[in-house]
Amino acid sequence: MIESQMQTKISSFFKSAENDDEDDDLSFWEKQEDDIINTYSRTRPNPNAVSSPSNTQTQRPNNTTYAQFHLDFGQSDFLLRACPTCGMNFTPGDPHDDKSHTQFHKSFTHGIQFRGWTQETVIPLPTLQSGRILVVSETAPSSHRKKAQEVVRMMEIELGSEWILHHLCKVYLFVSLHRIVGCLVAEPIKEAFKVVSASLDSVKKRKVKPCSTTLQFGNVIFQRELQKKVASVTHSERMEGALFCHSEPTAAACGIRAIWVTPSNRRKGIATQLLDAVRVRKSFCTGLELEHSQLAFSQPTSAGKALATSYTGTGSFLAY
Ligand SMILES: [Zn+2]
C-alpha cells in the first residue's frame, strides 16, 4: 500500500497541477512528516492543504501549470549565484549575502579602501598628476604585505589564482581617492626573450598541444599563453593569443609578472604610470634607472601585449 502511494506521488512530479486528483495526491505528500523538507510551490492553492512556512517562502506568481519540487538536503550551493563581474558566489535575496556582495563588488570595480600608512614607500613620479604609487617588498611591515596580498587576491579573480605572488616580488600599488585602483607585481629575472611576432590566427592554425607552455620550432620558441580562469566571458578575448620569441635569450633585470587595474579605472593611463614607477631609480633596481625596453613581460594577455607594445614602442618587446 505504501508502495502505490509513493508511486502516485512520484508520477505527480511531472503532471499538471490543475487536475483535482493530482492535488489530492500532493496533499498526501504535504502531510507526510518526513525528514525531507518539502519546498515545492503549487500554482493553484488547495483549500484542504495544511500550509507550512516553507511553502509560503518559495511561492511565486507565475502562469506555469506544473508543480515544481525542490529537495533541499542542506546542500551549500542550493541557491548560490556567481556575479559575472566580480565572480563572488552569493544568494540573491539574502540580506547578509546581498550586503557582502555589494561591498566586495565595489572593492573589485573601484578598488580596495585604503587609509594610508604612516611609513609609506612612495615612488616619486614627476608625470603623476593625481594619486600616488607605493611599493611593498618582502622587507615591508606585515600589515603592508597583508594589504598587498589582499589586492593580489582581487587580481587573481581575472588573472587566475595562486601564481602571481612570491617572496622576491615587489608589489606596486596605485592609490587614488583612498582606494587602491591598480597593482603591478615585478620580479627580478636574469634573462628574457625578444618577441618575433604575435599573430593570433597563425598561432591557432598550429594546434598546439596543451601540455606545455613552451614549444620550439627551429630557432624560434613558441610560447603558449596560459588559459586562466576568468570571471566573465567578456574577458575571454583578452586571455587568447600567443607569442613567437627568439630562442637566444637577452639579459634582463626586471620582469613584469602581472599588472591589473580595477575595471572602473581602466583607460586612464594607470598601468603606464605603474610601469614608469618600476623604472625609476632606486625603485626596482638600486641605483639604476631602467629604459622602457628593459622591462620584460610574463605571459601577457592580449591586453598585456597591446600595453607592452605601446609602452616599449615596439612589437619586439621582451617576454619571459
Ligand atoms: Zn559582483
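Mentor: Two residues are in contact if their C-beta atoms, placed from the backbone, lie within 7 Å. Keep that in mind for this predicted model.

Trainee: Among contacts between residues at least 6 apart in sequence, what percentage join residues at least 24 apart?

Mentor: Take the contacts in the protein chain between residues at least 6 apart in sequence. Those joining residues at least 24 apart make up 63%.

Trainee: Is Ser298 buried or exposed?

Mentor: Ser298 sits in the loop between strand 15 (295-297) and helix 8 (302-312). A residue needs 20 or more other C-beta atoms within 10 Å to count as buried. Ser298 has 20 such neighbours, so Ser298 is buried.

Trainee: Which residues does Ser298 touch, leaving out those up to four places away in sequence?

Mentor: Tyr320 is 22 residues away along the chain, yet the two C-alpha atoms are separated by 5.1 Å. Tyr320 is one of the contacts.

Trainee: How many contacts beyond four places in sequence does the model have for residues 10-23?

Mentor: The protein chain averages a pLDDT of 76. Over residues 10-23, pLDDT stays under 50. Where pLDDT is low, the predicted coordinates should not be read in detail. With that caution, the model's count for residues 10-23 is 19.

Notes:
Residues are numbered from 1 along each chain as its sequence is written. This is a predicted model: local features need pLDDT of at least 70, side-chain atom pairs count only at pLDDT 80 or more; totals for chains, interfaces and linings use all residues. Helices (H or I, at least four residues) and strands (E, at least two) are DSSP runs, numbered from the N terminus. A residue is buried if 20 or more other C-beta atoms lie within 10 Å of its own, exposed if 12 or fewer, and partly exposed in between; C-beta atoms are placed from the backbone. pLDDT is the predictor's confidence in each residue, from 0 to 100.
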